[in-house]
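Visitor: I have not seen this structure before. Could you take me through it by question and answer?

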Amino acid sequence: MVSANRVMSSAVQQEDETSWWLRLLRGEPNALAFFYERYADWLLKYGLSVAYNRELVQDSVQELFIQIWNRRENLTVPQSVKYYLMVSLRRIILKDVMTGRLTTELFPDHTLAVDDQSGLDFEEVAEANVRKLQAAVRALPPRQQEVIFLRFFDKMSYEEITGLTGLDYQVLRNTIHRAIKALRQALIHNIDLLLPFFLLSTI
């Protein structure tokens with residue numbers, strides 16, 4: 001029943017977003033504001049998982065919405081607005097990385113902050129243990145950080161992640177496997193923190 005309700009809720013949200021996207025294409029500023037208010041904070045979190053430089057990632061998010069507005073007459077309705085925004089933001093960030101404008105660092109504490117938007121349920125986990133998990137993820141290489149964020153914190157499927165990152169399916173699985181192995185070694189005395197990773201990695 002919970003799964004059915006979740007699917008229904010997702011379908012309703014997609015229909016709602018399609019309606020707002022069509023309004024955006026017609027040039028209604030409040031439609032752009034709708035998507036900015038819904039996704040700007042989340043996009044900042046995702047952007048920081050790709051390359052951490054808070055000020056410049058914020059600029060990239062702003063640039064994304066400016067580009068959408070300026071190019072709206074040439075845009076079509078995406079199957080998933082959220083996925084479209086992620087792909088577009090990632091492209092902007094990586095362009096800045098390639099030109100040397102944006103330097104990559106590790107996850108900041110707030111990127112993996114426990115909140116109601118997280119795919120993982122940490123309500124029963126002590127704050128000290130959460131900090132240990134944050135530190136362990138921040139110590140991973142940038143590519144592993146990104147796929148861990150997408151797979152376990154945003155609960156994206158392997159197919160969605162390969163489409164977003166361009167990684168081969170098997171390469172993605174190997175990357176996640178290496179990341180979980182590293183986390184297991186780092187959290188050897190708090191192995192219970194990794195249970196959600198073990199469960200989802202088999203799906």
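Visitor: How many aromatic pairs does a search of the whole structure find?
Guide: The model is a predicted one. Rings of Phe, Tyr and Trp pair if their centres lie within 6.5 Å. With that cut-off, the search of the whole structure gives an aromatic pair count of 9.

Visitor: Trp21 and Tyr84 form an aromatic pair; what is its geometry?
Guide: The two ring centres are 5.6 Å apart, and the planes stand at 80 degrees to each other. Planes over 60 degrees apart count as edge-to-face. The pair of Trp21 and Tyr84 is therefore edge-to-face.

Visitor: How many residues apart are the two partners of that pair?
Guide: Trp21 belongs to helix α1 and Tyr84 to helix α4. The pair thus links distant parts of the chain, and the separation is 63 residues.

Visitor: How are the rings of Trp42 and Phe149 arranged: stacked, tilted or edge-to-face?
Guide: Their centres are 6.2 Å apart, with 45 degrees between the planes. Planes under 30 degrees apart count as stacked and those over 60 as edge-to-face.

Visitor: Which helices does the pair of Trp42 and Phe149 tie together?
Guide: Both Trp42 and Phe149 are buried. They are 107 residues apart in sequence, so the pair ties together separate parts of the chain. Those parts are helix α2, which holds Trp42, and helix α6, which holds Phe149.

Visitor: Which residue lies over the face of Trp42?
Guide: A charge sits over a ring if NZ of Lys or CZ of Arg is within 6 Å of the ring centre and within 35 degrees of the ring normal. At Trp42 the distance from the ring centre is 4.5 Å, and the residue is Lys82.

Visitor: Which element gives the largest share of the largest nonpolar core?
Guide: This core has 48 residues, and Tyr46 and Leu150 are among those with the most contacts inside it. The elements that give two or more residues to it include α1, α4 and α8. The largest share is 12 residues, and it comes from α2.

Visitor: Is Arg90 buried or exposed?
Guide: Arg90 lies in helix α4, and among the residues it touches are Tyr46, Arg143 and Glu146. Buried means under 20% relative accessible area. Arg90 has 8%, so Arg90 counts as buried.

Visitor: What separates the C-alpha atoms of Ile180 and Leu140?
Guide: Ile180 is found in helix α8 and is buried, with a relative accessible area of 6%. Along the chain, Ile180 and Leu140 are 40 residues apart. The separation of their C-alpha atoms is 9.8 Å.

Visitor: How many helices are there in the protein chain?
Guide: The protein chain has 203 residues, of which 41% count as buried. There are 0 strands. The number of helices is 9.

Key: Residues are numbered from 1 along each chain as its sequence is written. This is a predicted model: local features need pLDDT of at least 70, side-chain atom pairs count only at pLDDT 80 or more; totals for chains, interfaces and linings use all residues. Side-chain values use heavy atoms; hydrogens and water are left out. Helices (H or I, at least four residues) and strands (E, at least two) are DSSP runs, numbered from the N terminus. Buried means under 20% relative accessible area, exposed over 50%, partly exposed in between (1.4 Å probe, protein chains only). Contact means heavy atoms within 4.5 Å. A nonpolar core is a set of buried Ala, Val, Leu, Ile, Met, Phe, Trp, Tyr and Cys residues joined through side-chain atoms within 4.5 Å. Rings of Phe, Tyr and Trp (its six-membered ring) pair if their centres lie within 6.5 Å; planes under 30 degrees apart count as stacked, over 60 as edge-to-face and the rest as tilted. Lists of a residue's contacts leave out its neighbours within four places in sequence.
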